[in-house]
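Please have the viewer open while you read.

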Amino acid sequence: MTANKKINFENSPSYYCCIVVYRLTGYTVQNKRWSKKMKRRIVSYVIVMMVCFVIAGNTLALSSDEIVIQPRSAISVTCGLTQSGSLYRLWSKTKTSFSDELTASASLYQIVNGSEVFITSVSASATGTTVTASKLRSLSSGTYKVYGYGTAGSSSGSKSITVTIP
């Protein structure tokens with residue numbers, strides 16, 4: 001190889017590094033001596049890039065051990081007024097697919113002349129997939145409205161039924 005022969009390095013990594021330096025700084029690498037100002041500028045760019053990668057790397061590498069994402073199912077609320085001997089049982093049941101802190105409550109109203117008159121209410125709470133609240137009560141004949149409510153975590157649901165006792 002002779003000393004006058006020009007080396008073509010267009011497809012080499014060195015060529016691409018020179019292009020990056022030129023784009024960042026405006027200085028070409030070939031046939032020029034780098035000044036102290038130029039060296040400082042390149043070092044500062046490298047430090048800024050390293051800081052950016054460290055911050056982004058820490059953000060992306062966060063541990064997710066404390067975070068547990070569980071899909072929540074819709075809660076199911078049922079309620080009723082059933083006869084149990086000479087008494088009537090007011091009940092409400094809350095059900096979910098996943099174990100959670102559940103609450104079930106029911107309110108009983110008698111319909112008198114088109115308006116609702118409060119009779120009684122019941123509530124219960126438990127941790128699990130099902131909770132039932134119930135209460136026995138002596139009732140006379142008439143039309144009653146039962147409102148059932150349920151909560152599971154941040155979800156809630158309700159249901160109402162009308163029952164006629166002859």
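Let us begin with one tyrosine: Tyr109 is partly exposed, at a relative accessible area of 22%. The classes used here are buried for under 20% relative accessible area, exposed for over 50% and partly exposed in between, with a 1.4 Å probe and protein chains only. A word on the source: this is a predicted model, in which local features need pLDDT of at least 70, side-chain atom pairs count only at pLDDT 80 or more, and totals for chains, interfaces and linings use all residues. Residues are numbered from 1 along each chain as its sequence is written, and side-chain values use heavy atoms, with hydrogens and water left out.

**The aromatic cluster**

Searching the whole structure gives two aromatic pairs. Rings of Phe, Tyr and Trp (its six-membered ring) pair if their centres lie within 6.5 Å; planes under 30 degrees apart count as stacked, over 60 as edge-to-face and the rest as tilted. The table lists both pairs.

| Pair | Centre distance | Plane angle | Class |
|---|---|---|---|
| Tyr109 and Phe118 | 5.5 Å | 70 degrees | edge-to-face |
| Tyr109 and Tyr147 | 5.6 Å | 85 degrees | edge-to-face |

Tyr109 sits in strand β2 (residues 87–112) and Tyr147 in strand β4 (residues 142–152), so their pair ties together parts that are 38 residues apart in sequence. Through these ring pairs, Tyr109, Phe118 and Tyr147 form a cluster. Phe118 is partly exposed, with a relative accessible area of 46%, while Tyr147 counts as buried at 19%.

**How the strands pair**

The protein chain has two helices and five strands, in the order α-α-β-β-β-β-β along the sequence. Helices (H or I, at least four residues) and strands (E, at least two) are DSSP runs, numbered from the N terminus. Two strands pair if DSSP finds at least two bridges between them.

Nine bridges join β2 to strand β1 (residues 76–84), and the two run antiparallel; here Thr82 stands opposite Arg89 in β2. Their hairpin has two residues between the strands, and Gly85 takes a positive phi near 75 degrees there.

Strand β2 is also joined to strand β3 (residues 115–137), by 21 bridges and again antiparallel, with Thr103 bridged to Ser125 in β3. The hairpin of β2 and β3 has two residues between the strands as well, and Asn113 adopts a positive phi near 50 degrees in that hairpin. Finally, 10 bridges connect β2 with β4, which run antiparallel; one partner of this kind is Tyr149 in β4, bridged to Ser105.

**A look at Thr120**

Is Thr120 buried or exposed? At 4% relative accessibility, Thr120 counts as buried. Thr120 belongs to strand β3, and its side chain makes a polar contact of 2.8 Å with that of Lys135. A polar contact is a pair of N or O atoms within 3.5 Å; within protein, one must be able to donate a hydrogen and the other to accept it, and residues adjacent in sequence count only if both atoms are side-chain atoms. Beyond its neighbours within four places in sequence, Thr120 is in contact (heavy atoms within 4.5 Å) with Leu90, Ala106, Ser107, Leu108, Lys135 and Arg137.

**The chain as a whole**

Of the 166 residues in the protein chain, 23% count as buried. Among contacts with a separation of 6 or more, 53% are between residues 24 or more positions apart.
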